[in-house]
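Q: I have a structure open and want to talk it through. Can we start with how the helices pack, then move on to the ligand?

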Amino acid sequence: MEEILSVQNLCKKYDELVVLDGIDLSIKKGEVVVIVGPSGCGKSTFLRCLNGLEDIQDGKVIHDGEVINPCSGKLNKVREKIGMVFQSYELFPHKTVLQNMLLAPLKVKKADKKQAEKEALGFLDRVGLLSKKDNYPRQLSGGQKQRVAIMRALMMQPDILLLDEITAALDPEMVREVLDVVISLAKEGRTMVIVTHEMSFARAVADRMLFFDEGRIVEEGSPEEFFEHPKTERLQKFLQSFSYAR
Ligand SMILES: Nc1ncnc2c1ncn2[C@@H]1O[C@H](COP(=O)(O)OP(=O)(O)OP(=O)(O)O)[C@@H](O)[C@H]1O
Ligand SMILES: [Mg+2]
């Protein structure tokens, strides 16, 4: 498979605090990589570095053969190609669902309005939210908002999606509906890097698991190896805290 993203010796500090300490990673087209690790170990920072939201102190991130440089004017192009969805949906409150979906494609990509609208309605239909197209975000449940946020990211036709704990703020009964959308994206071959605390979801969706601790990749492997035969004591302890002990 073709490599789409390459991370080489990525180092990130906030003043004296080392947050990412030499990360190397290669992601192939169509691959789903899931990152887990303790709070504060650098997972969110890592995702932000992948699409140029953070300046970095050493190393590089290469997307599709091009170095992502946070200071470069080309950054908008990168952000178009690498979509990101966060824990808080970040929908624009004063815009309807459909307007939220259309904003970036029309503004940034100068997409044709009719065509973009057709696409947006298709995406909303896919996640069962066509009837909500003229509603405002405050009129939706958390799970519905998050499904809109995922589909909105797809409107830019990204070639990688970064998902940062997208179900962390949801009530338990809404988690499933959002994760099912992500699983369907994985099935259609989307490349994704996912940070989650939902271990059974991670296991179901991942092609490859990464365990981050203190700014490093401490262990990686197939979901089966990772969950059934964790090699490092640190990962064993971490999984035990999720009652994934064997
Ligand atoms: N803007 C910032 N300025 C200074 N320190 C920061 C900043 N953002 C994050 N940090 C620090 O960097 C470290 C990594 O934070 P990060 O948010 O990446 O962790 P995380 O693995 O995503 O944790 P969680 O699971 O709680 O979301 C933490 O020690 C955090 O306090
Ligand atoms: Mg985080």
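Q: At what angle do α3 and α4 cross?
A: Roughly 130 degrees. Keep in mind that this is a predicted model. The axes of α3 and α4 come within 10 Å. Helix α4 covers residues 113-126.

Q: What do we call that arrangement of α3 and α4?
A: Oblique. The angle is roughly 130 degrees. Angles over 145 count as roughly antiparallel and 65 to 115 as roughly perpendicular, with oblique for the rest once those under 35 are set aside as roughly parallel. So α3 is oblique to α4.

Q: Is the crossing of α3 and α4 left-handed or right-handed?
A: Right-handed.

Q: What about α3 and α5, how do they pack?
A: Their angle is about 25 degrees, and their axes are 8 Å apart. Helix α3 is residues 97-107, and helix α5 is residues 142-154.

Q: Why is α3 called roughly parallel to α5?
A: Because angles under 35 degrees count as roughly parallel. With about 25 degrees between them, α3 is roughly parallel to α5. Here α3 passes α5 in a right-handed crossing.

Q: Which angle do α5 and α6 make?
A: About 20 degrees, with the axes 8 Å apart. Helix α6 runs over residues 172-187. That makes α5 roughly parallel to α6. The crossing of α5 and α6 is right-handed.

Q: Why quote an angle and a distance each time?
A: Because two packed helices are described by the angle between their axes and the distance between the axes.

Q: New topic: ligand 1. Which residues come nearest to it?
A: S39, G40, K43, S44 and T45. They are among 14 residues around ligand 1.

Q: How do those shell residues divide into nonpolar, polar and charged?
A: Five are nonpolar, six polar and three charged.

Q: Which element gives the most to the shell?
A: α1, with four residues. Both β2 (17-28) and α1 (43-50) supply at least two residues each.

Q: Which oxygen or nitrogen contacts does ligand 1 make through K43, E165 and Y14?
A: A polar side-chain atom of K43 lies 2.7 Å from an oxygen atom of ligand 1. For E165, a side-chain N or O atom is 3.4 Å from a ligand oxygen. Y14 has a polar side-chain atom 3.4 Å from a ligand nitrogen.

Q: And how much of ligand 1 does the protein cover?
A: 59% of the 640 Å² of accessible area that ligand 1 has on its own.

Note on methods. Residues numbered from 1 in each chain as written. Chains lettered and ligands numbered in written order. Predicted model: local features only at pLDDT ≥ 70, side-chain atom pairs only at ≥ 80, totals over all residues. Heavy atoms only, no water. Near = heavy atom within 4 Å. Polar contact = N/O pair within 3.5 Å; in protein donor to acceptor, adjacent residues only side chain to side chain. Areas by Shrake-Rupley, 256 points an atom, 1.4 Å probe, with all protein chains shown as cover. Nonpolar A, V, L, I, M, F, W, Y, C, P; charged D, E, K, R; others polar. Axes fitted to C-alpha atoms, helices over the stretch in contact; angles between N-to-C directions. Left-handed = near helix turned anticlockwise from the far one by under 90°.
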